[in-house]
Amino acid sequence: MVNLEIVSLLIFFALVSLLLLKNRKNITYNNGISIIRWNRGKEILDVIANKFQAILPGIGILSIAVGILSTFLGLYFIIQLSLQFQQAFGLALPSVTGVSYPAPIVGVPFWYWIIGIFIIIFFHESMHGIFARLYNVKIKSYGLITFLVLPIGAFVDPDEKQLKKLSTLKKLRILSAGSFINIVLAMIFLIFLISFLPTDFFPEGLFPIFYETKGVIFSESVKDLPAYNVGLNGTIYAINGKEVKTIQDLSRILNDTEPGSEIQVSTTKGIFTLKTISRPDDKSGSYIGISNAATHAGIKDSLKMYEAPLNWLFGLIVWLYILNFGVGFANMLPIKPLDGGLFYEEILKKYFGNKSKKLIKFISIAVALLLLFNIFGIPAIKYLMR
């Protein structure tokens, strides 16, 4: 049987190879890294900068504020989670079905990764370009970075001499604009998900068009307690004939059930009879001994024929939220040559002059070591402590 995923990957890599071959005169190579530049599309940046020149400075101030906030939140979570031996960030790489990476690498379905990277870098670099053109900084070219035939990044190439002549405030607007748009996109995708997918906060979803709640799932049953003793598994959809569609339904039914009662729990795996016990928190109601329970949502029965594409679409949006959010925060960490490092170098230069380079170098090394420890050190320590 033909694996369509593999076929699509081969077609994609073939197209990228043709693109690199066609533009080989504009490509520089270095140890498997290819940088391709082109000039088309720059005029769009001028159109946007001119059309919105009245509001862009205000957006730039907001992007600076969001950038500073994201820096301190990012550092806070790295330090806080590192002290708890938990990861704040992970290294996301494309993966295909059946392939998994060891920690700390997070495998992202290939097409989700490719689409996500394209959206992230397109909006990120375009925002840098728009603000550069707002201040009449020439954009020499757009650029795409690939590792062999795998796209891994992009850039806009501003005139450095013109850029250096700008005021500190204008430079900060340009530097923070990329991460700002990634965070904005992440919030848009999150709002979309909250609106259309049922959650424990909005059991029916704000716009219940595609999905509906279909019961309660749980990760495990507590050893030697009722659910564990009867081998309860599957998605719970009824108790004693009463419908269970959400975690709230399950809690309400168990709260109204006396401890020691015999109940029938209907799941997608069968009907299980068990006797409830008292709640461990000494509140009224019954307990059956399941953990990490949550509302389970599924495609509406009337849309079953569209289940695969709809699930794929919503999976893509979930990853677009995660990737944009991660890049937006990570990129504003004070590490050169990330935007955050360049951003804080400009601020330090304002107050410390020539000493700013040494200061940002020290800060960059310290934060980079902390980040590397969080990403690689914690998984290594956990592995050794097994």
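First, a definition: helices (H or I, at least four residues) and strands (E, at least two) are DSSP runs, numbered from the N terminus. Next, the ground rules. This is a predicted model, where local features need pLDDT of at least 70 and side-chain atom pairs count only at pLDDT 80 or more, while totals for chains, interfaces and linings use all residues. Residues are numbered from 1 along each chain as its sequence is written, and side-chain values use heavy atoms, with hydrogens and water left out.

Now, salt bridges. Side chains of opposite charge can pair when their charged atoms come close. Here, a salt bridge means a side-chain nitrogen of Lys or Arg within 4 Å of a carboxyl oxygen of Asp or Glu. How many does a search of the whole structure find? It finds 8.

Start with Arg252 and Asp249. Their closest N and O atoms are 2.9 Å apart. Both sit in helix α8, residues 247–255, and being 3 residues apart, they are separated by about one helical turn. An α-helix has 3.6 residues a turn, so residues three or four places apart point the same way.

Arg252, at 46%, is partly exposed. Asp249, at 14%, is buried.

Next pair: Arg133 and Asp46, bridged at 2.4 Å, N to O. Arg133 is in helix α4 (residues 110–134) and Asp46 in helix α2 (residues 42–51), so this pair ties together parts 87 residues apart in sequence. Both count as partly exposed: Arg133 at 22%, Asp46 at 26%.

Then Lys336 meets Glu345 in a salt bridge, 3.3 Å from N to O. Lys336 is partly exposed at 38%, whereas Glu345 is buried at 8%. Keep your eye on Lys336. Its peptide bond to Pro337 is cis, with omega near 10 degrees. Pro337 belongs to the loop between α9 and α10 (339–352).

There is also a network of salt bridges. It links Lys171, Glu346 and Lys349. Ser167 is in the loop between α5 and α6 (168–196). Its relative accessible area is 37%, so it is partly exposed.

On to helix α9, residues 307–330. What should its 24 residues span, at 1.5 Å a residue? The expected span is 1.5 Å times one less than the number of residues. That gives 34 Å, and the end C-alpha atoms are 34 Å apart, which agrees. The buried residues of α9 include Leu310, Phe314, Trp319 and Phe329.

Last, the backbone. Most residues other than glycine have a negative phi, and most peptide bonds are trans. Which way does phi go at Asn136, negative or positive? It is positive, near 60 degrees. Asn136 lies in the loop between α4 and β5 (139–147), and is exposed at 59%. Asn292 also has a positive phi, about 55 degrees. Asn292 is in the loop between β15 (290–291) and β16 (294–299). At 60%, Asn292 counts as exposed.

That is my tour. Thank you.

Definitions and conventions
Buried means under 20% relative accessible area, exposed over 50%, partly exposed in between (1.4 Å probe, protein chains only).
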